[in-house]
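Good morning, and thank you for the time.

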Amino acid sequence: MSQPFADIPGSNDWDVVKEIKKGWSTDKKYFVQTRNRDQWLLRVSDISLFESKKSEFETVKQINGKNILMSRPIAFGICNNGQSVYALYTWIDGEDAGDVLPALTKKQQYLLGIQSGDYLRSLHQVPSDGNERTWAERYHDKINRYLNNYRSCGIHLEGAERMIDFMEQNRYLLKDRPQTFQHGDYHIGNMLILKSGELGIIDFNRLDYGDPWEEFNRITWCANVSAPFASGRIHGYFDHDVPELFFRLMALYIACNQLSSIHWAIPFGDEEVQQMLKRAEKVLDWYDGFKRDVPSWYLQPDFECDE
């Protein structure tokens, strides 16, 4: 057993430890298999993050009872001679949803989208801890930061001003929005499809509290792969009765997320910046330069799909 894990209780029974390179998290992630063939996910972080990682682990425990196929918390503590903090979760054995969905029928994609919406609605039943400022205060600060970062980064997005105008004109929608638990990064990149055909949710390391509808700010990742899945996610969340206000707020959150992603991508290199610019251009096209509230990929609940 590698020395950094030697002082984790029970690690002497671990038969396999393989590092996982996928994802943007600063955590070190590992697949663990015990001699009894149990499979776990191990996350290791610097000890300076102890309090935030402990809070993250305890919060995931709050949703452990939900009827959601997800990585469930097992153990938490300090390791690596006091230099690191670790968290153990159950392992979900499946394939990346983004790889599997294109090979499925539109109906299968849609039904998995429905399931993802059902899951998300269940997650949002966990209330906030009540310690946050109002959502309007918090998100106005976010918008201001996103605008400053974009305008100072020196990278130009064709059509950005139309996106910014839409953001400014719709800030008023933030008033009196509720705050609940948020997964924080809810899209197909953090979803798996099991051999059983079920959908699994992973990577709660960006969990937060805020407007539950903000969780749709990354639905662009879903729509880019499967319009039926993305549409099904909305239908499942609202039980096929989508409020008209939802689409304008979703558009606001998507606009903010796309603009902020350009500055966010800079440390990862020009290739990542170009990808974010292309994604933002596609979003502008979906929303016709934000002249419309409902994106062009969205399918109405009564759409016909193949078997």
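His235 touches Tyr110, Ile114, His240, Val242, Tyr298, Leu299, Gln300 and Pro301, leaving aside residues up to four places away in sequence. Please bear in mind throughout that this is a predicted model. His235 belongs to helix H7, residues 227–237. Is His235 buried or exposed? Its relative accessible area is 0%, and therefore His235 is buried, since the cut-off for that class is under 20%.

With 13 residues at 1.5 Å a residue, H1 should span 18 Å, and its end C-alpha atoms lie 19 Å apart, which agrees. Which residues of H1 are buried? They are Lys53, Glu56, Phe57, Thr59 and Val60. Viewed down the axis of H1, these buried residues fall within an arc of 165°, so they line one face of the helix. In general, an α-helix has 3.6 residues a turn, so residues three or four places apart point the same way. The buried residues of H1 pack against strands S3 (39–46), S4 (73–79), S5 (84–90), S7 (180–182) and S10 (208–210).

Finally, I turn to the second largest pocket, whose volume is about 310 Å³. It is lined by 16 residues, of which Lys142, Gly184, Arg206, Glu214 and Arg218 are the closest to its centre. Helix H4 (135–153) and helix H8 (244–265) are the elements that each give two or more residues to this lining. H4 gives the most, with 3 residues.

Note on methods:
Residues numbered from 1 in each chain as written. Predicted model: local features only at pLDDT ≥ 70, side-chain atom pairs only at ≥ 80, totals over all residues. Heavy atoms only, no water. Helix = DSSP H or I, 4+ residues; strand = E, 2+ residues; numbered from the N terminus. Buried < 20%, exposed > 50% of the residue type's maximum accessible area, 1.4 Å probe, protein only. Contact = heavy atoms within 4.5 Å. Expected span 1.5 Å × (residues − 1). Arc of directions from axis to C-beta. 1 Å grid on protein atoms, 1.4 Å probe; cavity = no way out; pocket = protein on both sides within 12 Å on 5 of 7 lines; lining within 4 Å. Points joined across faces, edges and corners; volume = space filled by probe spheres on them.
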